Amino acid sequence: MKLDQFPEAIRPRLIPKPDGEMIYRCLGCRKEHGIETLLYTCPDCGSVLLLHDRRFERLKAIDGGTWRKILDYRRMLKDPAVKGIYRYHEFIGPVIPLSSVVYLGEGHTPVVEANAHLQAKAGIRFFYKNDGQNPSASFKDRGMASALSYINFLIQEGHVDEVLSICASTGDTSAAAALYAAYLKPKIKSAVLLPHKKVTPQQLSQPLGSGADVFEIPGVFDDCMKVVEALSERYNVALLNSKNAWRILGQESYSYEIAQDFDYAMADKVVVVPIGNAGNITAVMSGFLKFFEAGIIDALPKIVGVQSVHANPVYRYYRQPEDGQRKFVPMTVKPSVAQAAMIGNPVSMPRVIHLVERYNRVAGDLRVFFAEVTEQDIMDWQLTANRNGHIACTHGGESLAGLMKAMQNGDVDSKETAIVDSTAHALKFAGFQDMYFQDSFPDGYAVRPNPDLVNRPRYVRPESIEKFPEAGRPLEGEAFDRFVDAVSGQIAESLDLKKKV
Ligand SMILES: N[C@@H](CCOP(=O)(O)O)C(=O)O
């Protein structure tokens with residue numbers, strides 16, 4: 001729809017303007033730093049940062065109803081700069097001119113209601129939000145669109161040139177970083193660090209295909225992250241992990257989309273997300289808080305953060321109910337099918353601690369919960385979901401298993417409605433499904449197949465015939481007819497089909 005066709009009252013606000021004033025704010029010493037230089041940690045005390053809009057109050061001057069109209073009308077705009085996460089420009093990057101926005105089709109991922117059968121099994125109404133339907137097939141694209149739009153802005157403003165972006169990854173971040181950097185070629189080059197043999201073949205192929213320099217390193221993600229941190233402290237590189245606060249801003253779009261998709265009614269909603277490096281849960285809490293403070297939603301949804309027993313440092317921290325008694329202890333992870341979340345020392349832990357406290361305080365009630373699930377639960381729920389029409393990755397299985405756990409714990413009620421995060425596309429993690437179907441999980445995973453969920457291809461090569469078609473050597477005439485009869489007969493028998501009369 002063209003601008004002059006929108007209601008007059010909305011028109012002036014429809015196209016967002018870069019009228020915010022953003023600064024980095026340190027979560028440790030609370031000092032503020034300008035955004036002209038890329039910062040990942042506070043130059044004074046070394047703590048992590050969050051980005052803050054000093055002019056956020058101006059957004060509160062617009063009433064919630066008007067905001068909802070602005071955002072809903074923006075859905076109809078054709079400009080690519082506002083088709084993705086920057087539909088929420090005022091909340092994500094209010095200093096970025098639309099001409100700097102990098103849009104590769106990220107965001108606005110489908111929200112798919114579980115069918116009646118699956119909801120009955122789960123005992124609650126729930127939806128999957130399929131973030132695997134982002135361009136590089138994971139939610140990380142949201143954060144990359146934001147981080148790379150900001151870097152593009154710095155380049156266009158002449159603050160930086162010849163950027164080398166770098167990240168550590170369990171697979172999804174590297175795919176997204178390499179993709180978005182490749183789009184900004186030749187201004188940006190990309191390098192990614194992966195734990196050797198700890199990302200799936202599909203994930204490894206992604207940064208390779210985008211032309212990034214790919215380095216594989218012994219150890220696990222936490223080791224890669226330390227190397228990347230050292231590189232970003234010692235050399236002139238742009239760190240693209242979620243330690244970079246611009247990533248968090250982009251990932252807040254996940255919350256804004258949920259609010260918009262559910263007509264801004266959040267009181268009875270439960271948002272379930274897996275926790276890896278903890279950037280995701282940070283962004284989800286931060287996003288809902290901003291919409292709440294701007295009056296766009298009138299309640300904060302419950303949040304459930306989920307971790308596998310093999311990588312659960314955040315869950316362990318919150319297992320201690322007394323605020324003052326908690327102590328964060330990084331852990332050594334064990335093999336997990338939720339491989340992207342196999343992280344024992346999440347870089348955003350200080351942000352989580354800060355935001356959980358704030359979220360619950362603003363809500364006036366306990367609204368953030370944590371659940372721990374087994375590897376077996378993750379696989380069983382992933383496969384159960386996918387047998388009911390979903391494309392959940394193992395982390396989607398982890399989220400659904402976490403929802404079940406939260407209900408058992410009494411944190412979520414069956415009358416509520418849950419939105420469960422499938423962070424990536426199922427195909428990225430197809431190897432775990434194969435292991436399940438072939439009962440070939442190494443012992444460390446502690447997963448055994450439930451026979452009801454196992455599925456295998458059946459090779460049909462009837463012994464009653466001698467000739468079979470081959471590529472480049474088709475069968476013809478009677479031989480082909482015999483082949484079709486024998487194969488269709490065997491399949492019909494196997495499926496117990498009744499002949500048409
Ligand atoms: N699961 C992540 C790990 C890095 O997380 P990030 O959000 O800090 O970049 C991945 O896909 O690499």
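Author: Two strands pair if DSSP finds at least two bridges between them. Helices (H or I, at least four residues) and strands (E, at least two) are DSSP runs, numbered from the N terminus. This is a predicted model, in which local features need pLDDT of at least 70 and side-chain atom pairs count only at pLDDT 80 or more, while totals for chains, interfaces and linings use all residues. Residues are numbered from 1 along each chain as its sequence is written.

Reader: How do β7 and β8 pair, and over how many bridges?

Author: Strand β7 (residues 188-195) pairs with β8 in the parallel sense, over five bridges. P195 stands opposite I217 in β8.

Reader: In what order do the strands of that open sheet come?

Author: The order is β8-β7-β6-β9, four strands with parallel pairing.

Reader: Which strands does α7 lie across?

Author: Helix α7 lies across β6 (163-168) and β7, and runs at about 170 degrees to β7. Axes here are lines fitted to C-alpha atoms, for helices over the stretch in contact, and angles run from 0 to 180 degrees between N-to-C directions.

Reader: At what angle do α6 and α7 cross?

Author: The axes of α6 (residues 140-156) and α7 (residues 172-183) cross at roughly 40 degrees and come within 9 Å. That makes α6 oblique to α7, given that angles under 35 degrees count as roughly parallel, over 145 as roughly antiparallel, 65 to 115 as roughly perpendicular and the rest as oblique. The crossing of α6 and α7 is right-handed, that is, the near helix is turned clockwise from the far one by less than a right angle, with anticlockwise being left-handed.

Reader: Which residues of α6 and α7 meet?

Author: K140, D141, M144, A145 and L148 in α6 meet D172, T173, A176, A177, Y180 and A181 in α7, contact requiring C-beta atoms, placed from the backbone, within 7 Å.

Reader: Changing topic, what is the handedness of the crossing of α12 and α14?

Author: The crossing of α12 and α14 is left-handed. The axes of α12 (residues 279-293) and α14 (residues 349-363) come within 10 Å, crossing at roughly 35 degrees.

Reader: And how far apart are the centres of domain 1 and domain 3?

Author: Taken over C-alpha atoms, the two centres are separated by 46 Å. Domain 1 covers 111-135 + 252-453, domain 2 covers 139-251 and domain 3 covers 458-501; these bounds come from an automatic or database domain assignment.

Notes. Contact = placed C-beta atoms within 7 Å.
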